[in-house]
Amino acid sequence: MSINKLISVKNPIVDAMDLLGIDHDKNIPFFTRQAVLAEEEIGSSYQYITKREVLTIKNCIACLPSDAMYIDIAIMGDLGCDCGDLRANFCGGINLPSTYGTANNTFLVVDIGSAAEGGSLRGFCDFSVQNNKMVFANNYDGQFVTVQYLAPEVDCDGFVMIGQNHIQAIKWYIIWMYYFRKFGKNSLEYGQMNKAEEQWYRECAHARAQDAILTESQRAKIVGMFHAPYIGIGLSRGMNTTLGNSYGY
């Protein structure tokens with residue numbers, strides 16, 4: 001199983017400056033903004049870490065943490081920030097849909113039982129996300145909601161952490177924006193800008209493809225979902241087309 005580690009966004013910034021042959025501190029704020037935009041464009045959930053927060057509802061609104069990017073799941077009540085994974089501990093193993101990236105038509109899982117009893121699912125409570133706020137369909141003033149969400153991780157200097165396989169893509173995005181800002185009547189800069197843009201799109205697609213690579217356990221789970229004993233077994237599970245027989249034994 002491969003591991004995609006998180007590293008500081010400073011790495012592609014330094015790589016871009018080295019490739020451009022510049023070493024000016026005044027460019028770092030500009031390069032940092034472009035690097036964050038590029039990382040958001042790649043859009044991998046692997047670049048985020050899981051956090052939990054207990055929010056107080058005021059009338060129909062609960063303000064999300066400022067670093068929240070995606071809501072995974074929410075359960076009514078104060079379950080604490082150190083309650084562990086909400087799905088595993090309070091949803092009874094039920095495979096509930098995630099709210100990754102959704103802005104409306106989402107749901108709230110309502111837990112009536114106590115955390116010590118394991119809780120019990122009693123229904124759903126509709127809400128939408130507007131301007132980093134959870135807006136409920138009904139008034140729950142004074143009640144609590146425990147939210148499990150994804151947030152970007154930062155290093156000790158406050159720089160966003162990115163997937164290590166995103167370095168090349170972000171580097172070329174920075175170079176593209178650098179030449180775009182400088183572009184004038186210089187035909188050489190125009191050519192370099194177009195070349196960097198093409199390289200960015202190529203590396204961006206490659207980074208997304210690497211993020212989507214399945215592990216062996218994920219592949220086996222998918223194969224198990226779509227293959228039954230009556231219709232055979234999938235290629236990725238047992239069939240060997242070069243050695244042995246076609247049945248995998």
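Q: How many disulfides does a search of the whole structure find?
A: It finds 0 disulfides, counting a disulfide as a pair of cysteine sulfur atoms within 2.5 Å. This is a predicted model: local features need pLDDT of at least 70, side-chain atom pairs count only at pLDDT 80 or more, and totals for chains, interfaces and linings use all residues. Side-chain values use heavy atoms, without hydrogens and water, and residues are numbered from 1 along each chain as its sequence is written.

Q: Is Cys204 buried or exposed?
A: Cys204 is buried, at 4% relative accessibility. Buried means under 20% relative accessible area, exposed over 50%, partly exposed in between (1.4 Å probe, protein chains only).

Q: And what about Cys60?
A: Cys60 is partly exposed, with a relative accessible area of 25%.

Q: How much of the protein chain counts as buried?
A: 37% of its 249 residues.

Q: Switching to helices. At what angle do α1 and α4 pack?
A: About 50 degrees, with the axes 8 Å apart. α1 covers residues 10-20 and α4 covers residues 167-182. The two are therefore oblique to each other; under 35 degrees is roughly parallel, over 145 roughly antiparallel, 65 to 115 roughly perpendicular, and the rest oblique.

Q: Which residues make the contact?
A: From α1, they include Ile13, Ala16 and Leu19. From α4, they include Ile170, Trp172 and Tyr178. Contact means heavy atoms within 4.5 Å.

Terms used:
Axes are lines fitted to C-alpha atoms, for helices over the stretch in contact, and angles run from 0 to 180 degrees between N-to-C directions. Helices (H or I, at least four residues) and strands (E, at least two) are DSSP runs, numbered from the N terminus.
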